[in-house]
Amino acid sequence: INCVKNMSQGSLNASKDLQKEFATIDKKKEELADYLCEDRKKMSLEELFSTMKTFREIFLKTLQ
């Protein structure tokens, strides 16, 4: 029973840690959306990465 209890507690702790990481990622996504003058509630993480990729490509092209 102690083994099951420890496993359950470990899973619960891991789940809480994961929720904190997701909250941190979401906060950073919103900060970047604000910086890019995008709607923070409508912009998905995928769109944000796509925008950053496009910016990087244009920036590197400009340097050449």
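Helices here are DSSP runs (H or I, at least four residues), numbered from the N terminus. Covering goes by contact, meaning heavy atoms within 4.5 Å.

This is a predicted model, where local features need pLDDT of at least 70, side-chain atom pairs count only at pLDDT 80 or more, and totals for chains, interfaces and linings use all residues. Residues are numbered from 1 along each chain as its sequence is written, and side-chain values use heavy atoms, with hydrogens and water left out.

Select α1. It holds 34 residues and reaches 49 Å from first C-alpha to last, close to the 50 Å expected at 1.5 Å a residue. That expected span is 1.5 Å times one less than the number of residues.

Now pick Lys29, Glu30 and Ala33, which are buried in α1. Buried means under 20% relative accessible area, exposed over 50%, partly exposed in between (1.4 Å probe, protein chains only).

Zoom in on Lys29. It counts as buried because its relative accessibility is 11%. Leaving aside neighbours within four places in sequence, Lys29 is in contact with Arg40, Met43, Ser44, Leu45 and Leu48.

Step past the end of α1. Cys37 takes a positive phi of about 60° there. Select Leu36, in the loop between α1 and α2. Leu36 counts as partly exposed because its relative accessibility is 32%.

Select Leu18, Phe22, Ile25, Leu32, Tyr35, Leu36, Leu45, Phe49 and Met52: they make a nonpolar patch of about 870 Å². Patch residues have over 30% relative accessible area and no salt bridge, and nonpolar side chains are joined within 5 Å. A salt bridge is a side-chain nitrogen of Lys or Arg within 4 Å of a carboxyl oxygen of Asp or Glu. Areas come from the Shrake-Rupley method with a 1.4 Å probe. α1 gives the most, with 5 residues.

Methods: Patch = residues over 30% accessible without salt bridge, like charges linked within 9 Å, V, L, I, M, F, W, Y side chains within 5 Å. Helix = DSSP H or I, 4+ residues; strand = E, 2+ residues; numbered from the N terminus.
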